[in-house]
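The sequence and structure come first.

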Amino acid sequence: MPLLVMKFGGTSVADLARIKNAALKVKREVERGYDVIVIVSAMSGKTNELVGWVEQTSPLYDAREYDAVVSSGENVTAGLMALTLQEMDVPARSWQGWQVPINTTSAHASARFKSIPSDNINAKFAEGFKVAVVAGFQGVSPEGRITTLGRGGSDTTAVAFAAAFNAERCDIYTDVDGIYTTDPRITDKARKLDKIAFEEMLELASLGAKVLQTRSVELAMRFKVRLRVLSSFEETDENSGTLVCDEDEIMESKVVSGVAYSRDEAKITLVTVADRPGIAAAIFGPLSEAGVNVDMIVQNISEKADGGAVTDMTFSCPVNQVARACKAMEDAKAAGSINFVELNVDSDVAKISVVGIGMRSHAGVAATMFKALSAENVNIKVISTSEIKISVLIDRKYMELAVQALHDAFELDKAG
Ligand code: ADP
Ligand code: ASP
Ligand code: MG
């Protein structure tokens, strides 16, 4: 039997009526002759509520218990989806992560897949079941404890199942009808793309476009999964939505194909640190041990001071990791491994990025970007570049304005 993976995100299963709407889409694929693996998220808002309960109960929570609590939202929707399908005479069975089993590492709250044996689910298909409804976002560690995959992780569950079961396609149903040139909530000029290259989507996702979890794109690229994003609220067919695919399947070529933003960034500067071999390791080692995800790094040119050469070191990290980062730096200073005069924190910054594989062979993208931002009087605080992206850190209050200005500057509202 050909097999499809269909994933429904939080807004697509937000209440019983929406679960029914999603189930109808599943039933249609069963009628077309597919066995279907359905991956469900928790009802929208549920995971946030569960995270809130954990934090209120125990600020420095045990990550194993965090996972036990926050994974539960998906269990509810998996059972309800299976029941809804049964009511429609579609033979369906729900599966929690441990029942499959979805084997992961024991890195609680950010676990990674180790293996997804297909035997148990295939045995049910062989018995005549047409649909396996699997709770997204969760797995089981080698110690037998429940794990979760990081926020937005149901996308990754879906792609991993598509790879493990050799699915014809992995369809991600969500509240937008595809992948756009930028978040359609920020500008109504955002344009839906028919196709986007894996590499571009990987950058957009890792730079903040949460329409797909980054890891899901990574897995799809590695295992050559045909990955599609489409609307759960509209009539859809095999041509709907946006296909994430290899670069050479795409005819349309623009130098920049999308703009991404990440709202909750912070910038930390260590003022006047010794400029000597090993200083970067002495700073970023403790940050990494403290679990701080450092993103952009800038080291100023060295100045001569009385005690030798000094410099300023600036880095960015998610705003909710600032306290941890500062503590790691103060501890390192107290231990004598680094020295700084001041620790400056700016918690009101956002990161804006332009992405496009065309950048590899085109000059001038940075100049266009900086000109567009300067025309809006937006000050750039930090810049970083790679082969196919340019990112800047700016004041958060200009975030929407900057996204719109860049979308206009690169004429992303126009095709090809
Ligand atoms: P789900 O609950 O279905 O997983 P998410 O909220 O995680 O849905 O992702 C869908 C959202 O991603 C959209 O509502 C949209 O606001 C946002 N988004 C951000 N960037 C983009 C983009 N480039 N294209 C489409 N949607 C985007
Ligand atoms: N419910 C989880 C979250 O909100 C996983 C997901 O929806 O993908 O992060
Ligand atoms: Mg999501």
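Strand β13 (residues 258-274) is largely enclosed by the rest of the structure, because 13 of its 17 residues are buried. Buried here means under 20% relative accessible area. The model is a predicted one.

Strand β13 has antiparallel pairings with strand β17 and with strand β16. With β17 (residues 342-355), β13 forms 11 bridges in the antiparallel sense. Within that pairing, Y261 has I352 of β17 as its bridge partner. With β16 (residues 308-318), β13 pairs in the antiparallel sense over 8 bridges. There, M313 in β16 stands opposite L270. As a general point, side chains in a regular strand alternate between the two faces of the sheet.

**Ligand 2.** The residues that surround ligand 2 are S41, A42, T47, E74, F137, R151, G152, G153 and S154. By class, this shell comprises 2 nonpolar, 5 polar and 2 charged residues. The side chain of S41 places an N or O atom 3.0 Å from an oxygen atom of ligand 2. E74 also uses its side chain, with a polar atom 2.7 Å from a nitrogen atom of ligand 2. G152 contributes through its backbone, where a polar atom is 2.8 Å from an oxygen atom of ligand 2. On its own, ligand 2 has 270 Å² of accessible area, and the protein covers 86% of it.

**Ligand 1.** There are 16 residues around ligand 1, and those that come nearest are T174, D175, Y180, D183 and R185. The shell divides into 6 nonpolar, 5 polar and 5 charged residues. K7 has a polar side-chain atom 3.2 Å from an oxygen atom of ligand 1. In Y180, a backbone N or O atom lies 2.9 Å from a nitrogen atom of ligand 1. K210 has a polar backbone atom at 3.5 Å from an oxygen atom of ligand 1. Ligand 1 taken alone exposes 580 Å², of which the protein buries 89%.

| Residue and part | Ligand atom | Distance |
|---|---|---|
| S41 side chain | ligand 2 oxygen | 3.0 Å |
| E74 side chain | ligand 2 nitrogen | 2.7 Å |
| G152 backbone | ligand 2 oxygen | 2.8 Å |
| K7 side chain | ligand 1 oxygen | 3.2 Å |
| Y180 backbone | ligand 1 nitrogen | 2.9 Å |
| K210 backbone | ligand 1 oxygen | 3.5 Å |

Note on methods:
Residues are numbered from 1 along each chain as its sequence is written. Chains are lettered from A and ligands numbered from 1 in the order in which they are written. This is a predicted model: local features need pLDDT of at least 70, side-chain atom pairs count only at pLDDT 80 or more; totals for chains, interfaces and linings use all residues. Side-chain values use heavy atoms; hydrogens and water are left out. Buried means under 20% relative accessible area, exposed over 50%, partly exposed in between (1.4 Å probe, protein chains only). Helices (H or I, at least four residues) and strands (E, at least two) are DSSP runs, numbered from the N terminus. Two strands pair if DSSP finds at least two bridges between them. A residue is near a molecule or strand if one of its heavy atoms lies within 4 Å of it. A polar contact is a pair of N or O atoms within 3.5 Å; within protein, one must be able to donate a hydrogen and the other to accept it, and residues adjacent in sequence count only if both atoms are side-chain atoms. Accessible areas come from the Shrake-Rupley method with a 1.4 Å probe; for residues, only the protein chains shown count as cover. Ala, Val, Leu, Ile, Met, Phe, Trp, Tyr, Cys and Pro count as nonpolar, Asp, Glu, Lys and Arg as charged, and the others, Gly among them, as polar.
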